[in-house]
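Please look over the model shown here. What surrounds its ligands, and how is its metal held?

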Amino acid sequence: MASSTFLSASSLFATKHYLLLIPPQASAKGYTNNNLRVSNSPSFVLRTKNSTHLQGFVAMQEKDASTLGDDLKIKIPHVLSVAGSDSGAGAGIQADLKACAARRVYCSTVITSVTAQNTVGVQGVSNVPEDFVAEQLKSVLSDMQVDVVKTGMLPSVGIINILCKTLREFPVQALVVDPVMVSTSGDVLAGPSILSVFREVLFPMADIITPNLKEASALLDGVQLETVDDLRCAARLLYDMGPKNVLVKGGDLPDSSDAVDIFFNGDNFYELRSPRVKTQNTHGTGCSLASCIAAELAKGYPMVSAVKVAKRFVETALDYSKDIFIGNGPQGPFDHLLRLKRHSQDCHRLQAFNSSDLLLYAVTDSEMNKKWGRSITDAVKAAIEGGATIVQLREKDAETQDFLESAKACLKICRSHGVPLLINDRIDIALACDADGVHVGQSDMPARVARTLLGPEKIVGVSCKTPEQTRQAWVDGADYIGCGGVYPTNTKENNITVGLDGLKTVCMASTLPVVAIGGIGVSNARTVMEIGVPNLKGVAVVSALFDGECVLTETRKLHAMLSESNIDGYTQKLII
Ligand SMILES: Cc1ncc(COP(=O)(O)OP(=O)(O)O)c(N)n1
Ligand SMILES: Cc1nc(C(=O)O)sc1CCOP(=O)(O)O
Ligand SMILES: [Mg+2]
């Protein structure tokens, strides 16, 4: 093991940079949190509670990872993509990596050719020397446990022969062959010289081949393919060349409003039909489909299921991406991870979370709004106009659908004022409306699970009443802590009051910013904020803002009080 240092568990915890979650199987084998060895070796097999806190180091017991039992290692499904690079990243190796990542499968790569390519077309091609393709193949296959090999652009007979020879030496579970010949822009990526080696050498080793109409036609000496029946005939003829399964993609069939693919496994034909997605962003669909099939096979799914899931995945991604704009050419890339649109300016919070956002934290209450005859959106609008710096929707009795609709409407209001909107308890609602984050309590969804589900950029707040809970919140990746009840409250039943002393204790123990909650209003907010601890950043308030006739007036009063008092020098955030 490379340079290693012994640290006791307590010093590890004290740094707050390294923490191991020892899994039950490991504990049973005697691995504990004591006497951990920290090294810069990358071969880490134990799961961490929050890997972002490892900061490039790995931690393990005194033994090297390789000496741990196999049952402690997590086998990751692995696809090796042997394909060309697309500089525009819509197709080729880049599409394969994205497709596998989206399907949660590891993808290694052997690059056969480097293309200068964009959404207009292919401007240049430089094939990788055959010896170097062989070297890449050997590097990956001799070391990593590859489950499935997926091929894309194989630009020369020599490269195909090297691949087949290497696969005989390092057999894998399945071989998926996308017989790439022509790019979506019509540029030739592999000439006719490779047709015979495809047919005679590669296809007999393949578990599935996935030609499109043009490729199927070229492989069948230029036969015209114009109808679904033609696809069936082509699938059978291609099957006779030796692959175990054939998927002929009919995306280019004329006069069809559906995308029809024909799958043939030697016994049965399956007609896979779905409405054609109207979009120009189809560059890389073939590569991605084949990679998804490979990914599902790597997970252990049978072939027909793999093909169906892959087709559904590509359709979903095409539909999601139909109006995105990347490049000026006729065929743009699509978004495998279904995330790019979220960054468009009108629907995404532009700033990162800032602890000064906690200064005047408005928490809604459906009962109070009902009682005063106002909608949640009116309540939120008034609170923001009055100076609320962050809003939490705490709608305990709302029906899910109503809650989601209100959350979407409130989000619009909050976004237009640059105020973050969090959802109480309901991670599903936060995900569905793309809220800025969530607030969870000790008996809600654990903060580390919320963090995993929401991703690194969302805000996660956790209720804490003790220093131990506070430390855990930090480890779990929370952004702030809500501490209370500072005073008794009628808003939350059976709530334990921790008082100003409890608040102070939590603040002192916390490395995260803290917002105080429980029974706070204009009469006591100053006392709370003056306890003199730097981590206390604001007050979270329900009834003082919402249990009255005019939310705007009440919020303004509290905002003025917080703004006027020179609280502690840390927490000033004057808005409006
Ligand atoms: C800012 C803030 N702090 C604490 C809480 C309380 O959360 P929780 O303990 O989960 O209780 P409920 O609000 O779910 O009843 C909060 N909501 N906000
Ligand atoms: C939602 C909530 N959480 C609390 C905690 O102590 O964690 S106290 C509380 C209710 C706060 O309402 P009001 O401002 O009306 O007292
Ligand atoms: Mg809760």
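The report below covers the ligand sites, the metal and one histidine.

## Basis

This is a predicted model: local features need pLDDT of at least 70, side-chain atom pairs count only at pLDDT 80 or more, and totals for chains, interfaces and linings use all residues. Residues are numbered from 1 along each chain as its sequence is written, chains are lettered from A and ligands numbered from 1 in the order in which they are written, and side-chain values use heavy atoms, with hydrogens and water left out.

## Ligand 1

Ligand 1 is surrounded by 16 residues (a heavy atom within 4 Å). The closest are R394, K396, D444, S463 and K492. By class, this shell holds 5 nonpolar, 6 polar and 5 charged residues. Here Ala, Val, Leu, Ile, Met, Phe, Trp, Tyr, Cys and Pro count as nonpolar, Asp, Glu, Lys and Arg as charged, and the others, Gly among them, as polar. Strands β16 (437-440) and β19 (514-517) each supply at least two shell residues (strands are DSSP E runs of at least two residues, helices H or I runs of at least four, numbered from the N terminus).

The side chain of K492 places an N or O atom 2.9 Å from a ligand 1 oxygen. A backbone N or O atom of G441 lies 3.0 Å from an oxygen of ligand 1. A polar side-chain atom of H439 is 3.3 Å from a ligand 1 nitrogen. The protein covers 90% of the 420 Å² of accessible area that ligand 1 has on its own (Shrake-Rupley method, 1.4 Å probe).

## Magnesium

D425 (OD) and D444 (OD) coordinate the magnesium ion, ligand 3, at 2.0 Å. Donors are N, O and S atoms within 2.8 Å of the metal (3.2 Å for Na, K and Ca); water is not among the atoms, so sites may look incomplete. D425 sits in the loop between β15 (421-424) and α14 (427-433), and D444 in the loop between β16 and α15 (447-454), so the pair ties together parts 19 residues apart in sequence.

## Ligand 2

Ligand 2 has 14 residues around it; the closest are G485, T489, T491, G519 and S543. Its shell has 3 nonpolar, 8 polar and 3 charged residues.

A side-chain N or O atom of S543 is 2.6 Å from a ligand 2 oxygen. A backbone N or O atom of G485 lies 2.9 Å from an oxygen of ligand 2. The protein covers 94% of the 420 Å² of accessible area that ligand 2 has on its own.

## H336

H336 lies in the loop between α10 (303-320) and β13 (360-363). H336 is buried, at 2% relative accessible area (buried means under 20%, exposed over 50%, partly exposed in between; 1.4 Å probe, protein chains only).

Terms used: A polar contact is a pair of N or O atoms within 3.5 Å; within protein, one must be able to donate a hydrogen and the other to accept it, and residues adjacent in sequence count only if both atoms are side-chain atoms.
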